[in-house]
Amino acid sequence: MGILSKILEVKRREVQEARRREPLSRLQRRAQEAPPARPFVERLSAPGPAGANVIAEIKRASPSKGTIRSHLDPPSHAWAYQRAGAAALSVLTDRSFFQGSEQDLQSARTAVSLPVLRKDFVIDEYQIYEARAMGADAVLLIVRAVSPSFLRDALSLCRELGLGALVEVHDERELETALACDAPLVGVNNRDLATFRTDIQTSIRLKTLLPAHTPLVAESGIGSRQDVETLLEAGIFNFLVGTSLVRAPDPERALQSLLGTAPTRQGI
Ligand SMILES: O=P(O)(O)OC[C@@H](O)[C@@H](O)c1c[nH]c2ccccc12
């Protein structure tokens, strides 16, 4: 069994348990009372001042890398990312495979004014209300994890709740589905979930098939200014970066170098 199907099986159980703990009607009430969502998709529709928008991720561990950084403090990372000029944050909330949590998202969001993407495996509308209730401004929807009809319904629920959505694809067929469902923002995951290999050419290849008005986010495997420049040359200006920023001894500086805004040492 592939890693994604394993994750989805666990996720289905977790959602059932969550529903038992808090019925949908109560969760919906909490979602309504949440602070208003910060604009996410809008923020990524044109390049920011540095010419590139980075969605900077907070991720403790992953199935492909194991522990990425022990003793990660989400508010300090969020703050460093904001200081360096991040366009948005992405926070893993999956506990079983990524060691994330709802608290990670909340504490990171409270520390900054950036919009925050809830990074999880959404397979049920319950999780979309959950996202809004915990204060998320957008959710990730992975085409491979759901049916086209669920994707369509999930996108309309997001619109209703004022939540942004990042629709993730990995190949041409999934991209076709995302576009047929009117995805407002398409993420191309450069990581092949079967082999865990990343190749930024995946984003470049799929970019040519995207209508000009739909912004693309290149996801995964972006570790250097050179990667960013290669993608910029292909007309891609949104980047979702996790591992290389989380692992950096100085995340602020690491993000500045990706953005090409790191202060240069002078007079030496
Ligand atoms: O750590 P990286 O290689 O910079 O990748 C970040 C992000 O793209 C990755 O965390 C990711 C992309 N899609 C996902 C779906 C679920 C969990 C995680 C992900």
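This is a predicted model: local features need pLDDT of at least 70, side-chain atom pairs count only at pLDDT 80 or more; totals for chains, interfaces and linings use all residues.
View 1. Asp 182 is placed in the loop between H7 and S8. The backbone at Asp 182 adopts a positive phi of about 60°, although the residue is not a glycine. Most residues other than glycine have a negative phi.

View 2. Is Ser 220 buried or exposed? Ser 220 counts as buried, because it has 26 C-beta neighbours inside 10 Å and the cut-off for a buried residue is 20 or more.

**View 3. Eight strands close into a barrel with parallel pairing.** The order of the strands around the barrel is S1-S4-S5-S6-S7-S8-S9-S10. On average, neighbouring strands of this sheet are turned by 25° against each other, direction ignored. One of the pairings joins strand S9 (residues 216-219) to strand S10 (residues 238-241) in the parallel sense, over three bridges. Within this pair, Val 217 stands opposite Asn 238 in S10.

**View 4. Strand S6 is largely enclosed by the rest of the structure, because five of its five residues are buried.** In a regular strand the side chains alternate between the two faces of the sheet. In S6, Ala 138, Leu 140 and Ile 142 lie on one side, Val 139 and Leu 141 lie on the other, and all are buried. Both faces of the strand are accordingly covered. Strand S5 (residues 116-119) pairs with S6 in the parallel sense over two bridges. Ala 138 in S6 is the bridge partner of Leu 117. A right-handed β-α-β unit is formed by S5, helix H5 (residues 125-133) and S6.

**View 5. Strand S7 (residues 164-169) is mostly covered, with six of its six residues buried.** Which residues of S7 point one way, and which the other? Gly 164, Leu 166 and Glu 168 point one way from the strand, whereas Ala 165, Val 167 and Val 169 point the other way; all of these are buried. S7 pairs with strand S6 (residues 138-142) in the parallel sense over five bridges. Leu 141 stands opposite Val 167 in S7. Between the two strands the chain passes from S6 through helix H6 (residues 148-161) to S7, and this β-α-β crossover is right-handed.

**View 6. S7 and strand S8 (residues 186-189) run parallel and are joined by three bridges.** The chain crosses from S7 to S8 through helix H7 (residues 172-180) in a right-handed β-α-β crossover. H7 lies across S7 and S8 and runs at about 155° to S7.

**View 7. Helix H2 (residues 24-33) packs on H5 at an angle of about 35°, with the two axes 8 Å apart.** The crossing of these helices is left-handed. From H2, Leu 24, Leu 27, Gln 28, Arg 30 and Ala 31 take part in the contact, and they meet Tyr 126, Tyr 129, Glu 130, Arg 132 and Ala 133 in H5. By class, this contact comprises six nonpolar, one polar and three charged residues.

**View 8. Helix H3 (residues 74-84) lies across strand S1 (53-58) and strand S4 (88-92).** The direction of H3 is at about 170° to S1. H3 also packs with helix H11 (residues 251-259) at an angle of about 35°, and the axes are 8 Å apart. What is the handedness of the crossing of H3 and H11? The crossing is right-handed, whereas that of H2 and H5 is left-handed. His 77, Ala 80, Tyr 81, Arg 83 and Ala 84 in H3 meet Pro 251, Glu 252, Leu 255 and Gln 256 in H11. The residues of this contact divide into five nonpolar, two polar and two charged.

Technical notes. Residues are numbered from 1 along each chain as its sequence is written. A residue is buried if 20 or more other C-beta atoms lie within 10 Å of its own, exposed if 12 or fewer, and partly exposed in between; C-beta atoms are placed from the backbone. Helices (H or I, at least four residues) and strands (E, at least two) are DSSP runs, numbered from the N terminus. Two strands pair if DSSP finds at least two bridges between them. A crossover is right-handed if, with the strands pointing away from the viewer, the path from the first strand over the helix to the second runs clockwise. Axes are lines fitted to C-alpha atoms, for helices over the stretch in contact, and angles run from 0 to 180 degrees between N-to-C directions. Two residues are in contact if their C-beta atoms, placed from the backbone, lie within 7 Å. A crossing is left-handed if the near helix is turned anticlockwise from the far one by less than a right angle, and right-handed if clockwise. Ala, Val, Leu, Ile, Met, Phe, Trp, Tyr, Cys and Pro count as nonpolar, Asp, Glu, Lys and Arg as charged, and the others, Gly among them, as polar.
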